[in-house]
Amino acid sequence: MIVTTTENIAGQEVVESLGQVFGVVVRSRGLAGNIVAGLRTIIGGEIKEYSALVEDTRRHAIDRLVMNARLMGADAVVMMRFDPARSARP
């Protein structure tokens with residue numbers, strides 16, 4: 001399935017809008033992961049535990065978005081957006 005952040009897909013025509021579709025995923029690190037990440041904040045730099053969590057969560061959200069779009073009968077998702085303020089919180 002095509003998933004794009006643009007309004008149009010080159011060479012394709014949007015003939016019907018089926019409505020909004022969501023791919024909501026909420027995750028949290030376990031206690032051990034939070035402790036390791038907390039220790040990394042003392043040193044500074046990238047907190048790889050949280051970066052990996054955000055990346056995995058985004059992939060999961062897109063998979064869920066595609067699944068929900070297919071259930072609606074869609075063959076593409078246009079103007080897809082992330083809400084990074086919510087997905088980046090530890």
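Biologist: Where do Glu-55 and Arg-59 lie, and how many residues apart?
Modeller: Both lie in helix H2, four residues apart, about one turn of the helix. Helices here are DSSP runs of H or I, at least four residues, numbered from the N terminus. Note that this is a predicted model: local features need pLDDT of at least 70, side-chain atom pairs count only at pLDDT 80 or more, and totals for chains, interfaces and linings use all residues. Residues are numbered from 1 along each chain as its sequence is written, and side-chain values use heavy atoms, without hydrogens and water.

Biologist: What do the side chains of Glu-55 and Arg-59 form?
Modeller: A salt bridge, at 2.8 Å, N to O. The term means a side-chain nitrogen of Lys or Arg within 4 Å of a carboxyl oxygen of Asp or Glu.

Biologist: And how many salt bridges in the whole structure?
Modeller: The search finds one.

Biologist: Switching to Thr-57. Buried or exposed?
Modeller: Buried, with a relative accessible area of 6%. Buried means under 20%, exposed over 50%, partly exposed in between, with a 1.4 Å probe and protein chains only. Glu-55 is partly exposed at 43%.

Biologist: What is Thr-57 in contact with, leaving aside neighbours within four places in sequence?
Modeller: Val-25 and Arg-27. Contact means heavy atoms within 4.5 Å. Also, a polar atom of the Thr-57 side chain lies 2.7 Å from the backbone oxygen of Leu-53.

Biologist: What comes just after H2?
Modeller: Gly-73, with a positive phi of about 95°.

Technical notes: Helices (H or I, at least four residues) and strands (E, at least two) are DSSP runs, numbered from the N terminus. A polar contact is a pair of N or O atoms within 3.5 Å; within protein, one must be able to donate a hydrogen and the other to accept it, and residues adjacent in sequence count only if both atoms are side-chain atoms.
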